[in-house]
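Let's take a friendly walk through a structure. Have a look at it below, and then we will visit a few spots together.

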Amino acid sequence: MLGKTYDSQVCSIARALELIGERWSLLIIRDAVFGGATRYSDFQRSLGVATNILKSRLDGFVEAGIMRRRRYSEQSELYEYLLTDKGRALAPALVALSEWGDKWATEGEPPILYTHSVCGTGVTQQSVCSHCGRVDDPAEIQATIGPGMPPERIKA
């Protein structure tokens, strides 16, 4: 989708960017996840994105398994774009990005708050250690080689 591939990058962030790393992509996913948008016209009206870009992004999401296309009109070929589990799984990443934007890119109070639909309280994203449950400072997070790293890419 980005027009440039990251084939030389062995990194899940680079792989994710290939699928959702363009600004319209994240806004389309945001509107689907949190706004309930499903139809081409919903996205067009909400975002004002050029029709060729919107079609390209929606087609790419279907191809990547982030959305599925379902015909909703028998009279004409009209489709809605429904999030798959893979697409809905982007919600925590969007909340984290929004929190970063609230802190570093927005003046004043947050324009959007995320709440838990079951109990009504606020939702946040946090990095949590799977052993002790704590990460007090982002500097405590380290990247290490994982099991998916090809052996030829590991420096001795």
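A residue is called buried when its relative accessible area is under 20%, exposed when over 50%, and partly exposed in between (1.4 Å probe, protein chains only). This is a predicted model, where local features need pLDDT of at least 70 and side-chain atom pairs count only at pLDDT 80 or more, while totals for chains, interfaces and linings use all residues. Residues are numbered from 1 along each chain as its sequence is written, and side-chain values use heavy atoms, with hydrogens and water left out.

| Residue | Relative accessible area | State |
|---|---|---|
| Thr-84 | 18% | buried |
| Val-95 | 5% | buried |

Thr-84 is in the loop between strand S2 (78-83) and helix H5 (85-88). A polar atom of the Thr-84 side chain lies 2.5 Å from the backbone oxygen of Gly-65. Contact means heavy atoms within 4.5 Å. Neighbours within four places in sequence aside, Thr-84 is in contact with Gly-65, Ile-66, Met-67 and Arg-68.

Val-95 belongs to helix H6 (residues 91-104). Not counting residues up to four places away in sequence, Val-95 touches Phe-34, Tyr-114, Val-123, Thr-124 and Gln-125. Val-95 and Pro-151 are 56 residues apart in sequence, and their C-alpha atoms are 34 Å apart in space.

Now turn to a helix pair. The axes of H3 (residues 40-47) and H4 (residues 51-64) come within 11 Å and cross at roughly 130 degrees. The contact involves Tyr-40, Phe-43 and Gln-44 of H3, together with Thr-51, Leu-54, Lys-55 and Leu-58 of H4.

Terms used
Axes fitted to C-alpha atoms, helices over the stretch in contact; angles between N-to-C directions. Helix = DSSP H or I, 4+ residues; strand = E, 2+ residues; numbered from the N terminus. Polar contact = N/O pair within 3.5 Å; in protein donor to acceptor, adjacent residues only side chain to side chain.
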